[in-house]
Amino acid sequence: MTQTGQSKIVVKDLYKSFNGVNILNGINLEVKSGEILTLIGPSGAGKTLTLKCILGLVKPDSGSILLDGEEVTNLSSQERDEFFKKFGILFQRSGLFDGLPVWENIGFRLLQQSGAKRNEVKKLATKKLSAVGLSPDIADLYPAELSGGMQKRVGFARAIAGDPPILFLDEPTAGLDPIMSNVINDEIFNNVRELGSTVVAITSNLLTARIISDHIAMIHEGKVVWTGVVQEAASTDNPYVKQFWNKRKDGPIQMPVTTISA
Ligand SMILES: Nc1ncnc2c1ncn2[C@@H]1O[C@H](COP(=O)(O)OP(=O)(O)OP(=O)(O)O)[C@@H](O)[C@H]1O
């Protein structure tokens, strides 16, 4: 179990623009060890980009990112490889490799390690399938043979395959029916608590946010406009959170609307 309470990830004054357009406008975030922080906010607010900056997939224009107190914005490629090993990632579209059976998808990273034994990796992959409530019988199937919900669960099994200290979950329940979403919410919550991983999740599904999160950070136009414990999100007076949480059309968040003329 990870010790909770210490800062695991600290993001300070993160800026990023593309082609002269400011996308991240001074993001500040702190994630404590063992906690689940969920980023919410309108489409295009900069949630995924923030995670990509933390991972070093996108270089920020300025700002600082500390992992366990160490600056990680300027790692060498060798240091970056080591750094990546700390993360398990569930991508928005599951990101499974079509040409590999389920178990090889789950064990993908482990199979890359020198000396990896295929039968042992398969055993571990099967164990992770059970951890996400799937039958070992699907280990030899290919992603195309699975439903969307099963693909998400396999994607999650892959993210937790190496028992990573940090998990990034980008829209873990997007596109799933409410029942399957809830199954996955529970699986995320239970597995993460058992592993003691520190989690940053992104979701537009408020039920997912309510069930899995310890803290919520609301991002709007590249800034964190509110943070708080999940129970406060429903009752805060913050106008951004109020509008988002209550799914209101009117409020400070203006969504671009395209009208089609006849
Ligand atoms: N590599 C890039 N080049 C140019 N623009 C980018 C790049 N990456 C992200 N953006 C832009 O940054 C903005 C924020 O993107 P981001 O993916 O972080 O949004 P988001 O908050 O995760 O929204 P969504 O929920 O829709 O995924 C978008 O307008 C996107 O087009």
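## Before you start

Because the model is predicted, local features are described where pLDDT is at least 70 and side-chain atom pairs count only at pLDDT 80 or more, while totals for chains, interfaces and linings use all residues. Residues are numbered from 1 along each chain as its sequence is written.

## The annotated domain

UniProt, in an unreviewed entry, places the feature "domain: ABC transporter" at residues 9-246. Positions from that record are given in the numbering used here, feature names are shortened, and annotations may be inferred rather than shown by experiment. Over residues 9-246 the chain is 37% helix and 26% strand, and the C-alpha atoms at the ends are 29 Å apart. Helices (H or I, at least four residues) and strands (E, at least two) are DSSP runs, numbered from the N terminus.

A residue is buried if 20 or more other C-beta atoms lie within 10 Å of its own, exposed if 12 or fewer, and partly exposed in between, with C-beta atoms placed from the backbone. After α1 comes G56, whose phi is positive, near 80°.

Strand β3 (residues 36-40) is mostly covered, with five of its five residues buried. In a regular strand the side chains alternate between the two faces of the sheet. In β3 both faces are covered: I36, T38 and I40 lie on one side, L37 and L39 on the other, and all are buried.

Two strands pair if DSSP finds at least two bridges between them. β3 pairs in the parallel sense with strand β8 (residues 198-202) over four bridges, and T38 has A201 of β8 as its bridge partner. β3 also pairs in the parallel sense with strand β9 (residues 215-220), again over four bridges. In that pairing I40 stands opposite M218, and L37 has H215 as its bridge partner.

Five of the six residues of β9 are buried, so β9 is largely enclosed by the rest of the structure. β9 pairs with strand β10 (residues 223-229) in the antiparallel sense over six bridges, where H220 is the bridge partner of K223. The hairpin of β9 and β10 has two residues between the strands, and E221 takes a positive phi near 45° there.

## The nonpolar core

A nonpolar core is a set of buried Ala, Val, Leu, Ile, Met, Phe, Trp, Tyr and Cys residues joined through C-beta atoms within 7 Å. The largest one has 60 residues, of which A157, L167, V199, V200, A217 and M218 touch the most other members. Helix α6 (residues 148-159) supplies the largest share of this core, five residues.

What does V200 contact, leaving aside neighbours within four places in sequence? V200 is in contact with V31, L37, L39, L51 and F168; contact means C-beta atoms, placed from the backbone, within 7 Å.

## An open sheet

Another set of four strands forms an open sheet in the order β2-β1-β4-β5, with antiparallel pairing. Its edge strands are β2 (21-32) and β5 (70-71), each pairing on one side only. Five bridges join strand β1 (residues 7-18) to β4, and V10 stands opposite L66 in β4.

## Two loop residues

D61 sits in the loop between α1 and β4 (62-67). Why is D61 partly exposed? Because 13 other C-beta atoms lie within 10 Å of D61. Not counting residues up to four places away in sequence, D61 touches Y15, K16 and S17. D61 and L14 are 47 residues apart in sequence and 7.6 Å apart in space, C-alpha to C-alpha.

A234 is found in the loop between α9 (230-233) and α10 (239-245). A234 is exposed, because 12 other C-beta atoms lie within 10 Å.

Notes: Contact = placed C-beta atoms within 7 Å.
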